[in-house]
Amino acid sequence: MDDRRLIFVSGKGGVGKSAVTAALALRAARRGERVLAIGMVESLGLAAHFGVDALEYEPHQVHTGIDAVAINRTKALDEYLRLQLRLPRSAPIGQASKVFQVFVDVAPGVREIISLGKPIFETWQGTYDKVIVDSPPLGQLFSYLRAPATIAQTVPTGAVQDQALRMRDTLGDPATSALVMVTLAEELPVMETAEALDDLATEPVIDLAALAVNRVLSPLDVSPSVIDALPAGRQREAATLHANLYADQQPWLQMLPAGPRLPYLFGFLTPGEVAARLVDHWDATS
């Protein structure tokens with residue numbers, strides 16, 4: 001994964017993919033890389049893990065070595081049209097944008113390719129060593145990843161098809177692009193992850209670089225008899241709950257391939273502190 005320049009982070013909603021996205025950006029920045037982090041659909045979680053209120057469409061520094069942006073589809077459409085029409089930033093494009101918006105709303109794959117085009121274009125530009133994307137949940141992400149091939153089939157010739165094919169090839173190049181899946185050791189996230197792995201095996205639109213399991217509990221360093229011997233109260237309840245949750249996670253962990261195991265972080269931590277601590281555990285558990 002360290003050699004890839006474009007990384008999409010995805011998983012079932014609520015598994016902590018924004019925290020992992022921020023952690024991977026921090027990890028790359030610590031290695032001396034210049035990073036662009038992108039909130040592709042919903043950016044508030046990513047913003048929180050960088051300790052800022054919100055992200056804009058234009059890059060802003062959120063940490064040493066890290067710029068961050070949020071995808072705005074209207075602005076992304078404007079930028080896409082300027083690239084296609086080869087217009088300068090100052091040129092008026094309002095009417096063309098309104099006309100093309102109708103096409104975006106009805107043509108298959110166009111809506112997705114507009115959003116997907118931003119991280120791919122930034123990768124092509126080469127301004128950043130690594131572009132890391134807080135992506136839509138897994139089910140939605142595959143429609144985005146398939147969009148370039150869909151557009152290439154829909155548009156028979158011309159610059160739009162050429163760019164769609166280049167985007168498809170960029171996503172499919174394992175030396176450039178990769179997917180990081182995030183899941184929890186729970187039934188629904190594991191089942192959705194298994195379905196996504198099957199989809200990737202059937203249609204390898206992007207290379208899977210890592211499957212990270214988040215919020216993994218460590219075993220208590222005490223025997224069940226010690227827990228049973230504790231006096232009734234909060235300490236015994238907490239120890240029993242921890243032991244039971246740890247046991248519940250084990251069969252789901254065994255169903256998943258090897259990969260980073262990120263800890264369940266206890267205590268009062270800000271989102272930024274969570275991301276920073278996950279960096280410390282990524283390599284240790286990979």
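I looked up the contact of Glu33 with Lys130 and found that their side chains meet in a salt bridge at 3.7 Å, N to O, where a salt bridge is a side-chain nitrogen of Lys or Arg within 4 Å of a carboxyl oxygen of Asp or Glu. Because Glu33 lies in the loop between α1 and β2 (35-39) and Lys130 in strand β5 (residues 130-134), the pair ties together parts that are 97 residues apart in sequence. I took helices (H or I, at least four residues) and strands (E, at least two) as DSSP runs, numbered from the N terminus. Glu33 and Lys130 are both buried, that is, under 20% relative accessible area, with exposed over 50% and partly exposed in between (1.4 Å probe, protein chains only).

I note that this is a predicted model, in which local features need pLDDT of at least 70 and side-chain atom pairs count only at pLDDT 80 or more, while totals for chains, interfaces and linings use all residues. Residues are numbered from 1 along each chain as its sequence is written, and side-chain values use heavy atoms, with hydrogens and water left out.

I next looked up Arg34, which forms a salt bridge with Asp67, the closest N and O atoms being 3.2 Å apart. This pair links distant parts of the chain, with Arg34 in the loop between α1 and β2 and Asp67 in strand β4 (residues 66-70), 33 residues apart. Arg34 is partly exposed at 37% relative accessibility, whereas Asp67 is buried at 10%.

How many salt bridges does the rule give? I recorded a count of 12. One of them joins Asp2 to Arg27, with the closest N and O atoms 2.8 Å apart; Asp2 is in the segment before β1 (6-11) and Arg27 in helix α1. A network of salt bridges links Asp2, Arg27, Arg31 and Asp283.

I then turned to helix α11 (residues 271-285), whose 15 residues reach 21 Å from first C-alpha to last, close to the expected 21 Å, the expected span being 1.5 Å times one less than the number of residues. A kink of about 25° is centred on Val279, the bend at a residue being the angle between axes fitted to the seven residues ending there and the seven starting there. The buried residues of α11 are Ala275, Leu278, Val279 and Trp282, and these pack against α1 (17-30), α2 (44-49), β6 (177-184), β7 (208-216) and β8 (261-263), contact meaning heavy atoms within 4.5 Å.
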